[in-house]
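Biologist: I should like to learn how to read a protein model. Please take me through its features in turn.

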Amino acid sequence: MTIAVIGSNMVDLIAYIDQMPKAGETLEADDFAMGCGGKGANQAVAAAKLGAEVLMMSRVGDDGFADNTITNLQTYGVDTRHVTKVANVSSGVAPIMVDRQSQNRILIIPGANKHLLPVDIDAAADDLRACRLIVLQLEIPLPTVYRAIEFGNQEGIPVLLNPAPASPDLDLAYAARCDFFVPNETELEILSGMPVATEAAIVAAAQSLMPRGFKHLIVTMGDSGTLYIGPDSSFRVPAPTVDAVDTTGAGDAFVGCFAAHYAAGSDIRESIENAVQYASHSVTGRCTQTAYATREAFDEWLARA
């Protein structure tokens with residue numbers, strides 16, 4: 001495999017609404033959609049749709065969602081030999097609300113994702129060693145994330161950590177052991193303890209992490225593009241102007257595209273530039289994985305850009 005994605009899967013339950021409800025308020029939604037999501041699965045599918053060979057490590061429950069989740073991953077060409085069921089546990093579920101401005105609110109119910117354990121990393125060691133890049137998020141237990149980082153370091157495999165959803169419990173010493181650290185501006189604020197209200201503030205917050213030993217820091221900033229800070233250079237890649245419909249999963253689209261291009265041999269800047277375009281394209285459609293472009297569709301999008 002080119003990429004190992006060790007992370008979560010969720011069933012997305014998406015309500016499309018005029019405005020976000022206030023505390024105690026009941027509103028009628030305009031539309032509803034159900035799809036497969038979860039940060040790990042989204043990133044795996046995005047990379048696979050772009051042509052990468054992807055191995056997914058995740059856990060599902062023993063409910064009605066489990067088989068559909070596994071089949072969905074297989075449909076996109078993701079290797080699911082390490083996506084297994086946990087008895088007497090529900091699959092992960094994510095109720096999502098999306099308003100007319102394409103902003104979203106998400107509630108995560110991890111379910112079986114909490115049962116992906118450090119010992120599972122060691123059990124999959126032979127398959128993981130064959131991968132060129134390990135991709136991680138924070139919808140699985142932190143000890144499992146730490147063990148995956150240790151494994152990548154031991155085996156000389158680059159590791160990308162997307163610290164989402166951000167947790168103040170994340171050990172930044174472990175995060176700094178990753179080759180790529182990819183937060184959005186909100187996650188950066190939580191992890192750095194610094195404000196991010198302006199682009200200058202985002203730069204300052206990102207730079208504050210570098211003395212801790214971070215190698216390549218990539219901050220996604222929504223429609224403002226992406227900031228990169230590395231050991232020898234820094235730059236910003238602006239995002240194209242698009243008609244956004246649903247921003248859910250845009251960060252995962254970015255990570256999946258970056259991973260696919262970097263693992264295929266592109267340099268960091270080229271990988272970021274492609275990922276910005278890919279994430280921007282993803283918000284022009286509804287839901288997450290179904291909105292992600294195939295390699296052919298993405299090439300057409302780039303040709304028109």
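**Reading the model**

Modeller: The protein exposes about 12900 Å², of which carbon and sulfur atoms supply 50%; such areas come from the Shrake-Rupley method with a 1.4 Å probe, and for residues only the protein chains shown count as cover. This is a predicted model, in which local features need pLDDT of at least 70 and side-chain atom pairs count only at pLDDT 80 or more, whereas totals for chains, interfaces and linings use all residues. Residues are numbered from 1 along each chain as its sequence is written, and side-chain values use heavy atoms, with hydrogens and water left out.

Biologist: What radius of gyration does the protein have, and what would a compact globule have?

Modeller: The radius of gyration is taken over C-alpha atoms, and the globule rule is 2.2 Å times the number of residues to the power 0.38. For 305 residues the rule gives a value near 19 Å, and the protein has 18 Å, which agrees. Along the principal axes, the C-alpha atoms fill a box of roughly 50 × 45 × 40 Å.

Biologist: How many helices and strands does the protein have?

Modeller: Helices (H or I, at least four residues) and strands (E, at least two) are DSSP runs, numbered from the N terminus. There are 11 helices and 13 strands in the protein.

Biologist: What percentage of the residues count as buried?

Modeller: Buried means under 20% relative accessible area, exposed over 50%, and partly exposed in between (1.4 Å probe, protein chains only). Of the 305 residues, 56% count as buried.

Biologist: Which residues of helix 9 are buried?

Modeller: They are Ala250, Asp252, Ala253, Phe254, Val255, Gly256, Cys257, Phe258, Ala259, Ala260, His261 and Ala263. Because 12 of its 14 residues are buried, helix 9 is largely enclosed by the rest of the structure.

Biologist: What span should helix 9 have?

Modeller: The expected span of a helix is 1.5 Å times one less than its number of residues. For the 14 residues of helix 9 (residues 250–263) this gives 20 Å, and the end C-alpha atoms are 20 Å apart, which agrees.

Biologist: What follows helix 9?

Modeller: Glycine 265 follows helix 9, and its phi is positive, near 115°. Serine 266 lies in the loop between helix 9 and helix 10 (268–282). Because its relative accessibility is 14%, serine 266 counts as buried. Contact means heavy atoms within 4.5 Å; not counting residues up to four places away in sequence, serine 266 touches His261 and Ser271.

Biologist: How should I read backbone angles?

Modeller: Most residues other than glycine have a negative phi, and most peptide bonds are trans. Asparagine 88 is not a glycine, although it has a positive phi of about 60°. Asparagine 88 is found in the loop between strand 5 (79–85) and strand 6 (93–98), and at 75% relative accessibility it counts as exposed.

Biologist: Where is there a cis peptide bond?

Modeller: The bond from alanine 164 to proline 165 is cis, with omega near -10°. Proline 165 lies in the loop between strand 9 (159–161) and helix 6 (172–175).

Biologist: Which residues is lysine 39 in contact with, leaving aside its neighbours within four places in sequence?

Modeller: Lysine 39 is in contact with Ser8, Gln137, Glu139, Asn162, Ala164, Pro165 and Asp252. Lysine 39 lies in helix 1 (residues 39–49) and is partly exposed, with a relative accessible area of 21%.

Biologist: Is leucine 161 buried or exposed?

Modeller: Leucine 161, in strand 9, is buried, with a relative accessible area of 0%. Its contacts, leaving aside neighbours within four places in sequence, include Leu136, Val145, Leu170 and Phe180. The C-alpha atoms of leucine 161 and proline 183 are separated by 8.3 Å, although the two are 22 residues apart along the chain.

Biologist: Where is arginine 212 found?

Modeller: Arginine 212 is in the loop between helix 8 (199–209) and strand 11 (216–220). At 54% relative accessibility, arginine 212 counts as exposed. Leaving aside neighbours within four places in sequence, arginine 212 is in contact with Leu172 and Ala176.
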